[in-house]
Amino acid sequence: MKKFVLVTGGTGYIGSHTAVELIEEGFEVVIVDNLVNSSIEVLDGIEQITGIRPHFEKFDLCDSIKIDELCKKYPRLEVIVHFAALKAVGESVEIPLDYYYNNLVSSINLLRAMIDYNIPNMVFSSSAAVYGLPDKLPVTEDSPVKKANSPYGNTKQIIEEIILDTINVNSNLEAISLRYFNPIGAHKSALIGELPLGVPLNLVPYVTQTAIGIRDHLRVFGNDYNTPDGTGVRDYINVVDLSRAHVSAIKRLLDKKCKSNYEVFNLGTGKGLSVMEIVKSFEKATGQKIKYKIYPRRPGDIDIVYADTSYSNRELGWKAEISLEETLLSAWNWEKNIRKKS
Ligand code: NAD
Ligand code: UFG
């Protein structure tokens, strides 16, 4: 019998790619999303790729009554993969209460439902942001959690703590927090991908929008960092590789392979790349020239961060496999595809 997985935020960027991987692995996927940062057409993309349309319920996870109704409608849910959140770092500084309310209340409601409706497993979308400016590189799962430098980052730290506290007193519950480094790229079909609203904050969507002519040039934020070429270094991971790690985490939970009721894994490639290396690789992969100018450092940015992935590779039996060039080409194909539609 198919196992039911609830994917919150499943019409969003990472959620939609994970829904595809889960459906392809034979899971029955139920998506909840209020579409605050995604669109209903994403369901068409998932269906076109997999041949299956996931169940979809549109509501705000801050509404606990709606969650009750959902759990009664789908009594066989075994896992919640919790992606739904507001995620813009800068915006979270402007409207902190919206971020704390949305991200914390939705998570608390889901944990309450796990207890009330006997849903034993959760996979939570956390972030490498919890490590702040790391003392040592690469960053292992044992690296200390540092004071968050934005309300958004703080919600991730607080939710991880809330999950742990809840699990400590509910021995039938288990959870895995996955700390993402920098997810980039799109599904190779170019039928789903990232849909940033307005001016993109992240590097790769800005690069693809520059290549297609929506932006005049890429703003490279700082070339005086303590890195080989002076530009910031990050660990960029293909979104499909990242999604596959969720399938591994779910299987680990369902197969009762966890070493403790709460586990944490880094999801990255283990390799740090600079802004200029991304630009050069994009040009090589796509044949598109990227115009760029050097700007001052962006407030809050750090020099360099990348993951130690040995623990997640070993324990999850998973490894990021898709090459950087293939990943950047997928981002470019997605950009071309969405502009064709609009
Ligand atoms: P996204 O904005 O594309 O997807 C999140 C989805 O959640 C959206 O579709 C949005 O409509 C939905 N949502 C938000 N609040 C909701 C609510 N109260 N009720 C119902 N639906 C709600 O973001 P993403 O990039 O796919 O990120 C997914 C998760 O991964 C988030 O938790 C994010 O914080 C985390 N994360 C993302 C990155 C990244 O670089 N993309 C890095 C680290 C962690
Ligand atoms: N950058 C530019 N120009 C841009 C955008 C970014 O030069 O237009 C640079 C940044 O200065 C940084 C690098 O590109 O050096 C990556 O920046 P992103 O904004 O793409 O990603 P961040 O590392 O700042 O943050 C991302 C997510 C966060 C998450 C974090 C975890 O946006 O939510 O990864 O590592 F917390």
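**Helix pair**

I looked up how helix H7 (residues 203-212) packs with helix H11 (residues 324-341) in this predicted model. Their axes are 10 Å apart, at an angle of about 55°. I took axes as lines fitted to C-alpha atoms, for helices over the stretch in contact, with angles from 0 to 180 degrees between N-to-C directions. H7 and H11 are therefore oblique to each other; under 35 degrees would be roughly parallel, over 145 roughly antiparallel, 65 to 115 roughly perpendicular, and the rest is oblique. H7 passes H11 in a right-handed crossing, the near helix being turned clockwise from the far one by less than a right angle. Helices (H or I, at least four residues) and strands (E, at least two) are DSSP runs, numbered from the N terminus.

**Ground rules**

I note that this is a predicted model, where local features need pLDDT of at least 70 and side-chain atom pairs pLDDT 80 or more, while totals for chains, interfaces and linings use all residues. Residues are numbered from 1 along each chain, chains are lettered from A and ligands numbered from 1 as written, and side-chain values use heavy atoms, without hydrogens and water.

**Ligand 1**

I found 26 residues around ligand 1, each with a heavy atom within 4 Å. Asp33, Asn37, Ser38, Lys87 and Tyr152 are the closest. E5 (121-127) gives the largest share of the shell, three residues.

I then checked polar contacts (N or O pairs within 3.5 Å). A polar side-chain atom of Asn37 is 2.7 Å from a ligand 1 oxygen. A polar backbone atom of Tyr13 lies 2.8 Å from an oxygen of ligand 1.

How values were computed:
Polar contact = N/O pair within 3.5 Å; in protein donor to acceptor, adjacent residues only side chain to side chain.
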